[in-house]
Amino acid sequence: MTPDKSSETGLLQTEESRRSFLGKFAGGVFAGLVAPAVAGQVEPAAAAPPSAPAGQLTPVIDLPEAVEGEHPQKRMMEDLRRALQKPVDQRKWAMVIDLRKCVGCNGCTIACITENKLPPGIAYRPVMTETHGTYPHVARRFVPRPCMQCDNPPCVDVCPVHATWKRADGIVAIDYDKCIGCRYCITACPYSARSFDAGYFYSDFEGGERQPYELLPSPEYGEDRVRAEGGSPIGNARKCTFCLHRIERGELPACTLTCMGRATYFGDMSDPKSLVAELIGQPNVMRLKEELGTDPKVFYLT
Amino acid sequence: MTIKDTTVSRRNFLKMGGVAAGGIAALGALGTGFKAVSAAEARRRLQAETKTAYTACVMCPAECSLAVNVENGVASTIYGNPYAPLNSGVACAKGASGIQMVYNANRIKYPMIRVGERGEGKFKRVSWDEALEFIADKLMQIKKEHGAESIIMDAGDVTDRDPYYYLFRAFGTPHTVEHGAICDTPRRHGPKLMFGGKRVEPDVMRPVLVRQPDGSLKNDYSYRTRLIVYAGWNPFTATRIVYESRGTVEAKLNGAKIIVIDPALSNTATKADQWLPIRPGTDPDLFVAVLRYILENHNDDDPFRRYIDWSFLDYSQGWEEFEAEFKSWWNKKDPVNGLNYFTVEWAAERTGLEAETIAELAHTFGITKPAAWVWGMNGIGHHYNGYVASIIGTALNVITGNMEVPGGAIDTELVKSDKGGNAKGGDFLKREVTRVINGQEVTATVDELHMDWYGKWPAGWDDVVGDYPDRFLNGVKLKYGPFRGHEYPIKAFIIRTGNPVITGSNTDKWIEALTAKDGDEYRVGLVVYIDTPFLETGMYADVVLPEASYLERMSLSDIYPSHQLIYLRDFVIDKMYESKTQYDIMIALAKKLHEKGDPDIKPEDFWERFPSEEDFWNEALKKAPGRAHAGEPLPYPHLPVNYKLYGTPDSLEAGNVTIDDEGKKVVGEYVTAQWLREHHGVAVWPMSWYRFKNGGVLKTDSKKVDFTWDYDLDGNRKGRYAKYNKRIEEAGEAPPGLQDLGWDKYPRTFYWFETRWNPYTNPDYAKYRDEYPFQVISGRIHHAMSGTQMVDWLGRLTAEDLWVPLNDERVVEEMVIGENGPTPTGRKVRIPKNTWCIGVIQMNRVDGEKLGLQTGDLVELETPLGHKTRGKVNLVETIRPGVLRLPFGGGGRFSPGLGKTYDFRDETPNVNALVDPDYHSPIMGMSLYGDMVVKVKKV
């Protein structure tokens with residue numbers, strides 16, 4: 001639990017939160033089970049450290065000057081840099097997915113798997129296909145489904161060991177060292193956005209010898225864990241983090257960067273100048289299972 | 001590899017207990033862990049050895065520009081390169097999953113030589129020297145006994161082929177071929193005849209770098225397109241023209257209407273305003289009806305009927321003759337339906353669309369500008385008469401004034417950057433050779449020995465790989481040109497990154513040709529397979545060579561952008577196992593042949609000329625961008641118009657150039673690999689429109705749009721068909737494809753003929769209508785062609801009702817490609833039910849219910865020729881009744897190098913098991929992948 005463990009800014013917040021939670025945990029291991037509501041609390045903003053100097057951020061892509069529009073990746077990287085100048089608790093990360101533009105390529109699904117080093121059977125961002133109608137009146141659309149990073153996350157309340165919590169910037173995080181793999185959160189998530197890492201490797205099905213890419217550390221939460229038998233995140237619940245480790249370097253989440261139809265947007269919705277704030281204000285915006293009161297931070301344009 | 005240092009080792013026993021017994025048991029594990037190396041230290045070490053390399057993809061032929069992150073020498077993630085406007089920073093599932101292609105147990109790791117019979121898959125590991133010695137000996141012997149023309153170098157599906165072309169052309173064979181031959185040649189035909197081009201695409205690649213009125217260069221993001229018609233073209237899944245994914249949806253949100261004509265609801269069709277589920281093989285019928293409607297209903301004085309933009313007459317020739325020939329059909333009655341040819345009612349009968357729908361389509365296309373009429377590979381390229389659709393499609397874009405206008409249509413072949421040049425070895429084909437024909441010595445050039453151009457397929461300018469089995473079995477007899485009467489067998493087939501046994505026409509026919517014997521000897525005496533994955537054709541090889549994967553080698557992009565753009569494929573990671581790059585293989589084999597005394601392989605052409613790989617590709621880059629400086633806004637106002645430009649964008653911009661008025665060219669500083677590396681791997685030259693003006697980028701003899709193809713120009717016979725017709729006239733004999741049509745030579749202008757195996761349009765096949773009630777077509781899945789099926793990630797993604805997790809539960813004995821080829825590992829792997837995507841037969845629900853079928857039922861398909869394949873049906877609403885769609889390369893895969901796709905080979909359909917092995921499309925010899933009918937029987 002050394003403070004220098006994570007690199008910059010919000011990842012440190014993870015540390016702070018964990019420390020606080022540990023304190024809470026020590027105060028009564030079973031209290032959480034009796035009164036789960038306690039675990040749902042968001043940590044006080046006081047834990048938020050100042051921002052990292054801009055010099056440590058990945059430079060914004062340097063493209064020729066634009067006329068009649070602009071490169072969305074450039075715009076969103078600029079949005080990110082502005083957000084990263086603010087304290088963590090003043091950022092409100094949000095994703096907007098324009099279903100009119102999703103072409104069903106599944107690029108996001110795979111880019112996410114490679115970025116986060118996910119094992120067989122886990123995809124943080126599957127793309128669901130919905131087909132309606134009878135020939136020849138048939139419609140099909142593709143619905144990518146990342147973690148909704150709910151403002152009222154049902155997964156957090158049920159965790160018996162307080163291993164998952166909502167960060168000050170709205171991202172729902174997991175402490176793999178605390179997670180006991182009970183999978184209550186997986187059941188609780190109304191979006192099926194959590195998965196259990198059962199310890200498989202791709203090479204288990206192809207020769208048995210670990211391939212080099214399977215031995216690369218996962219950058220999740222800035223922890224650089226190498227998946228190996230017996231070690232976290234094997235045996236843990238896992239989920240999308242909006243690529244927290246990337247955004248805090250000033251880089252877009254994997255899904256947003258790779259999106260073939262340019263259907264995915266990411267940024268700080270509390271910044272009125274951001275692209276996501278602009279898009280969220282459109283009349284054709286909707287969220288999944290709004291009626292549950294989860295207050296998702298993933299918005300869909302239809 | 002130092003990754004192990006960062007391993008987080010802790011509480012192994014307890015955690016695994018948690019995995020096995022569930023959450024409660026794991027409670028005990030809490031908080032007992034420790035880390036061997038602090039994560040901060042691990043991260044610090046990692047970042048110290050992390051780099052981003054810019055390169056070009058080959059997971060599919062789109063060849064997107066990539067930014068690959070490498071950690072401690074291991075490629076970790078693949079993203080798009082934002083500096084290349086082609087994909088502009090995005091990458092699809094295929095692109096991102098390249099990691100699993102590169103790091104895969106099923107890679108070919110070492111050179112191998114066959115020890116069993118062809119097809120058995122039995123090999124032994126040998127050294128490179130041994131393998132090359134074997135190949136060189138055979139090549140020398142074949143050249144001595146039969147001539148180098150008995151050798152084919154098929155450089156396959158991946159485009160960085162130049163080193164192989166260079167070597168084998170130097171050795172003396174005219175047969176250096178590639179994937180284009182089996183891709184979509186009829187689809188390309190119209191643009192080739194009429195523009196000298198190949199692929200007409202909508203102007204939706206954004207951003208484009210454009211010269212501004214103030215002289216600056218800026219990135220333009222505007223979408224001006226108002227209408228796109230995609231016929232038989234599914235760019236969202238077949239990502240060859242990758243920018244059409246984002247471009248189409250962006251254009252639509254900016255007000256464009258999208259119409260998709262396809263028997264199946266493709267991913268592209270899901271974004272269309274209108275989906276027209278046409279009967280397969282009737283695209284030409286629809287296209288001619290649209291043209292007739294436009295010609296009949298055009299009115300210069302009515303703004304709502306002003307379809308034709310007559311300015312096309314200024315930059316075209318031959319329209320009057322074309323139009324007259326087209327109209328000559330109007331009063332003829334079709335024996336199939338008794339209606340006048342090309343009317344909307346006639347087309348309705350044939351296409352299965354409503355006459356009103358066709359009229360509305362024609363009107364909409366005529367009146368909406370700018371627009372693009374775009375046709376695709378499976379829909380048009382896979383049919384016997386796809387040529388007609390391709391010609392009419394081209395004409396539609398021209399006469400409505402949509403070619404080269406902002407937001408209109410662009411022939412991307414004409415405007416992409418040139419490359420290759422001397423590194424292609426074209427000069428070697430002009431060397432003279434002597435053959436004895438009927439006792440007489442004849443001397444002419446190497447390329448005049450070409451088996452297609454001087455044999456069965458004079459206009460097969462992209463080569464005719466689909467007809468190779470016939471030549472393997474029966475040999476070549478030249479009928480045209482100076483070597484007329486010369487006969488030779490095909491004795492060596494070198495195949496690299498291709499898999500014709502599955503994709504090159506009928507699978508059984510290819511196997512027959514590769515295993516035919518004369519006595520104890522195989523008729524094709526040498527088969528060499530060079531690739532990174534081990535596919536079916538490798539099973540029939542005598543020698544297998546491991547080619548370095550695309551992250552381990554160097555070359556150039558081969559792409560179809562809206563303007564000149566090129567990027568580098570660069571070394572990203574070290575070469576794995578014993579693989580070699582194309583350059584390595586070229587030099588190593590050239591040295592062997594030289595040592596053995598071959599007079600045509602000279603040190604000054606090989607290792608002395610290209611001491612390093614980079615030298616070779618720098619030679620290829622000397623041709624870039626190599627297009628006429630044309631259009632508006634003019635890319636470089638300070639440079640002369642219509643001169644060909646060569647050199648880096650910055651040298652042209654700065655005017656650091658030599659102007660050659662005689663050769664009409666401007667030469668700046670040549671683009672080099674190093675220059676590209678210093679510019680994110682990419683060179684971008686400015687976009688312009690109206691590039692046909694004053695000839696511009698057109699590559700026809702007339703420097704205009706040609707509506708006739710064998711014509712007189714200043715006393716010379718010109719046009720794309722002229723040279724073939726001259727050969728035919730000299731020989732007094734038409735090639736077999738034309739004889740099938742009853743033609744004595746290639747037509748001067750518009751032509752019409754019916755497709756084959758279509759009982760609804762061709763009276764010869766009407767008799768099959770009842771007994772064989774289903775037409776069979778193919779579609780793309782996320783896997784690119786046949787070569788990526790071992791990629792686990794792609795096996796878990798569904799695609800277009802063709803690739804779905806309908807597998808049954810199996811415990812399989814695992815195979816990998818070991819040092820001696822396919823090797824059982826002795827491990828048993830369980831694949832649970834419904835967890836792995838397999839290729840299936842897409843069928844309309846109503847058709848299935850009539851046959852008493854349910855989704856998942858195994859059926860057998862049988863053609864009138866008795867060819868069969870089997871697979872599971874997927875009953876859906878997303879396909880026209882009477883049509884079955886199968887994944888191309890997605891089933892019946894019997895190479896053990898294909899991972900789980902191999903494990904389900906007995907219940908997945910191979911669409912090319914059904915292809916007519918004997919007929920090829922009549923002009924360019926394309927296999928008839930999309931022309932077949934079947935009956936369905938439940939197994």
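1. Two residues are taken to be in contact if their C-beta atoms, placed from the backbone, lie within 7 Å. The structure is a predicted model, in which local features need pLDDT of at least 70 and side-chain atom pairs count only at pLDDT 80 or more, whereas totals for chains, interfaces and linings use all residues. Residues are numbered from 1 along each chain as its sequence is written, with chains lettered from A and ligands numbered from 1 in the order in which they are written.

2. Helix α12 of chain B spans residues 344-351, and seven of its eight residues are buried; helices (H or I, at least four residues) and strands (E, at least two) are DSSP runs numbered from the N terminus. A residue is buried if 20 or more other C-beta atoms lie within 10 Å of its own, exposed if 12 or fewer, and partly exposed in between, with C-beta atoms placed from the backbone. The buried set in α12(B) consists of V344(B), W346(B), A347(B), A348(B), E349(B), R350(B) and T351(B). These residues pack against α10 (283-297) and α13 (355-367) of chain B. Just after the helix, G352(B) has a positive phi of about 80 degrees.

3. Helix α9 of chain B (residues 243-253) is also mostly covered, with 10 of its 11 residues buried. Among them are the charged residues E244(B), R246(B), E250(B) and K252(B), where Asp, Glu, Lys and Arg count as charged, Ala, Val, Leu, Ile, Met, Phe, Trp, Tyr, Cys and Pro as nonpolar, and the others, Gly among them, as polar. The cover over the buried residues of α9(B) includes β8 (200-202), β11 (227-231) and β12 (257-261) of chain B. G255(B) follows the helix with a positive phi, near 110 degrees.

4. Chain A has nine helices and 13 strands. Of its 302 residues, 57% count as buried. Among contacts in chain A with a separation of 6 or more, 66% are between residues 24 or more positions apart.

5. Strand β2 of chain A (residues 93-98) has six of its six residues buried. Both of its faces are covered, with W93(A), M95(A) and I97(A) on one side and A94(A), V96(A) and D98(A) on the other. Strands are said to pair if DSSP finds at least two bridges between them. β2(A) is joined by five bridges to strand β11 (residues 264-268) of chain A, in an antiparallel arrangement, and W93(A) has D268(A) as its bridge partner there. Four bridges join β2(A) to strand β13 (residues 298-301) of chain A, and these two strands run parallel; in β13(A), L301(A) is the bridge partner of D98(A).

6. Which chain contributes 79 residues to the contact, and which 77? Chain B gives 79 residues and chain A gives 77. On the side of chain B that touches chain A, there are 40 nonpolar, 26 polar and 13 charged residues. Strand pairing also crosses between the chains: two bridges join β1 (residues 66-67) of chain A to β10 (residues 217-220) of chain B, in parallel. Here A66(A) has N219(B) as its bridge partner.

7. An automatic or database domain assignment supplies the domain bounds. Chain B is divided into domain 1 (3-102), domain 2 (112-175 + 424-547), domain 3 (185-299 + 355-415), domain 4 (624-692), domain 5 (709-741) and domain 6 (763-938). Seven residues from domain 1 and eight residues from domain 6 of chain B take part in the contact between them. On the domain 1 side, the elements giving two or more residues are α4 (93-96) and α5 (98-102) of chain B. By class, that side has four nonpolar, two polar and one charged residues.

8. Chain B also holds an open sheet of three strands in the order β26-β27-β32, with antiparallel pairing. β26 (555-556) and β32 (682-684) of chain B stand at the edges with a single partner strand each, so one side of each is left without a neighbour in the sheet. Three bridges join β27(B) (residues 565-569) to β32(B), and L565(B) stands opposite V684(B).

9. D204(A) lies between β7 (194-196) and β8 (217-218) of chain A. Is D204(A) partly exposed or buried? D204(A) is partly exposed, because 16 other C-beta atoms lie within 10 Å. D204(A) and R145(A) are 59 residues apart in sequence and 27 Å apart in space, C-alpha to C-alpha.
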